[in-house]
Amino acid sequence: MPEMLHPRPLYLVDASLYVFRAWHSMPDEFQDADGWPTNAVHGFARFLLELLEKERPAHIAIAFDEALDSCFRNRLYPAYKANRDPAPEELRRQFTHCKALCAALGLSVLAHGEYEADDLIGSALHVARPQGFHGVIVSADKDLSQLLHEHDEQWDFARGQRWGMAGVKSRYGVEARQIADYLALTGDAVDNIPGVSGIGAKSAAVLLAHFGDLDTLLGRMDEVTFLRLRGAATMAIRLREQREHALLWRQLTTIALDAPLGDIATGHERGQADGDMLGALSDALRFGPMTRRRLRVAAGLE
């Protein structure tokens with residue numbers, strides 16, 4: 001089929017990253033009609049408008065994190081992300097507004113109580129690929145690089161940097177398919193995943209370059225001692241001692257491809273915008289005339 005030869009882009013946006021970024025960087029002078037802060041919504045709206053105006057995507061899904069402490073990973077490892085403070089009510093309200101804004105614009109919204117945004121992005125891409133789509137993952141998060149196949153790309157929107165599957169190694173020292181194993185070895189402080197003690201980024205990259213993947217590494221641990229790698233003998237001991245932990249960390253760092261997506265269309269084609277809802281949100285959030293007009297144009301209402 002022609003679309004399989006030239007796959008169509010499906011834009012998959014890691015919304016929470018941009019909401020949090022706006023929350024921390026935008027001044028707190030923005031308030032809604034009830035006096036609650038709206039700085040994160042205003043910042044997210046600016047980002048979203050820039051993306052829609054620049055790319056004019058026909059197929060796009062916006063993924064939100066609702067599984068802040070109810071994710072399936074918390075059942076596997078209760079300390080998962082336990083180093084993070086809970087989001088204050090002032091921010092939680094704004095997440096709700098951001099989701100409503102996306103819905104009013106006719107954009108596909110992905111959120112689930114047991115799966116993170118990364119899982120929803122991975123699952124949406126996994127389902128869409130056989131239908132002739134390639135992914136454009138809008139996020140700076142290195143975890144998401146594990147999803148990249150030949151025609152996909154990841155886009156750090158804020159820095160204006162894009163890379164494909166082949167570009168992952170120059171950024172992180174490992175192949176896209178090795179990212180989950182790499183994070184299982186090194187740990188991920190952001191998500192409170194310890195990793196294997198004594199193995200840093202360079203050591204993990206050398207081990208994966210030699211063995212290919214975590215399973216092969218754990219099956220051939222006796223060979224680690226003979227690698228030309230500083231501290232190799234100690235690493236072999238640590239891997240033997242922490243084998244089960246390493247496998248658990250890999251469960252945490254691997255993005256799920258089977259998250260429930262509901263009855264949303266596979267290609268996440270942009271739907272009809274809701275002008276009334278968009279107007280009501282603009283009033284409630286006190287958007288200025290320029291933002292209102294840009295939203296209406298982006299929604300195809302002007």
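Contacts between residues 24 or more positions apart make up 69% of the contacts in the protein chain with a separation of 6 or more, a contact being a pair with heavy atoms within 4.5 Å. The model is predicted, so that local features need pLDDT of at least 70 and side-chain atom pairs count only at pLDDT 80 or more, while totals for chains, interfaces and linings use all residues. Residues are numbered from 1 along each chain as its sequence is written, and side-chain values use heavy atoms, with hydrogens and water left out.

The secondary structure of the protein chain consists of 14 helices and 6 strands; helices (H or I, at least four residues) and strands (E, at least two) are DSSP runs numbered from the N terminus. Along the principal axes, the C-alpha atoms fill a box of roughly 65 × 50 × 35 Å. Of the 302 residues, 50% count as buried, where buried means under 20% relative accessible area, exposed over 50%, and partly exposed in between (1.4 Å probe, protein chains only).

The largest nonpolar core has 58 residues, and the members that touch the most others are Leu 185, Ile 199, Leu 207, Leu 217, Val 224 and Leu 239. Helix 6 (residues 117-128) gives the most to this core, with 6 residues. A second, separate core holds 39 residues, including Ala 15, Leu 51, Ala 87 and Ala 298. A nonpolar core is here a set of buried Ala, Val, Leu, Ile, Met, Phe, Trp, Tyr and Cys residues joined through side-chain atoms within 4.5 Å. Apart from neighbours within four places in sequence, Ile 199 is in contact with Leu 185, Thr 186, Ala 204, Leu 207, Met 235 and Leu 239.

In helix 9 (residues 201-211), the buried residues are Ser 203, Ala 204, Ala 205, Leu 207, Leu 208 and Phe 211. Their cover includes helix 8, helix 10 and helix 11 (232-241). Gly 212, with a positive phi near 95°, follows helix 9. In helix 12, Ala 246, Leu 248, Trp 249, Arg 250, Leu 252 and Thr 253 are buried, and the buried residues of this helix pack against helix 4, helix 8 (179-186) and helix 10 (214-219).

The largest pocket contains about 980 Å³ of space. On a 1 Å grid over the protein atoms alone, a pocket is an open set of points where a 1.4 Å probe fits, with protein on both sides within 12 Å along at least five of seven lines, and lining residues have an atom within 4 Å of a point. Grid points are joined across faces, edges and corners, and a volume is the space filled by probe spheres set on the points. The lining comprises 36 residues, of which Phe 20, Asp 65, Lys 81, Arg 84 and Asp 191 lie nearest the centre of the pocket. Two or more lining residues come from each of helix 2 (15-25), helix 4 (72-76), helix 5 (89-104) and helix 12 (243-253). Helix 2 provides the largest share, 6 residues. By type, the lining divides into 15 nonpolar, 5 polar and 16 charged residues; Ala, Val, Leu, Ile, Met, Phe, Trp, Tyr, Cys and Pro count as nonpolar, Asp, Glu, Lys and Arg as charged, and the others, Gly among them, as polar.

Several single residues were also examined. Ser 123, in helix 6, is buried because its relative accessible area is 1%. Leaving out residues up to four places away in sequence, Ser 123 touches Ala 256, Leu 257, Asp 258, Ala 259 and Leu 261. Ser 170, in helix 7 (residues 168-172), counts as exposed because its relative accessibility is 66%. Glu 50 belongs to helix 3 (residues 39-55) and, at 44% relative accessibility, counts as partly exposed. Beyond residues up to four places away in sequence, Glu 50 touches Phe 157 and Arg 294.

His 268 lies in the loop between helix 12 and helix 13 (275-284) and counts as buried, with 3% relative accessibility. Arg 286 lies in the loop between helix 13 and helix 14 (289-298).
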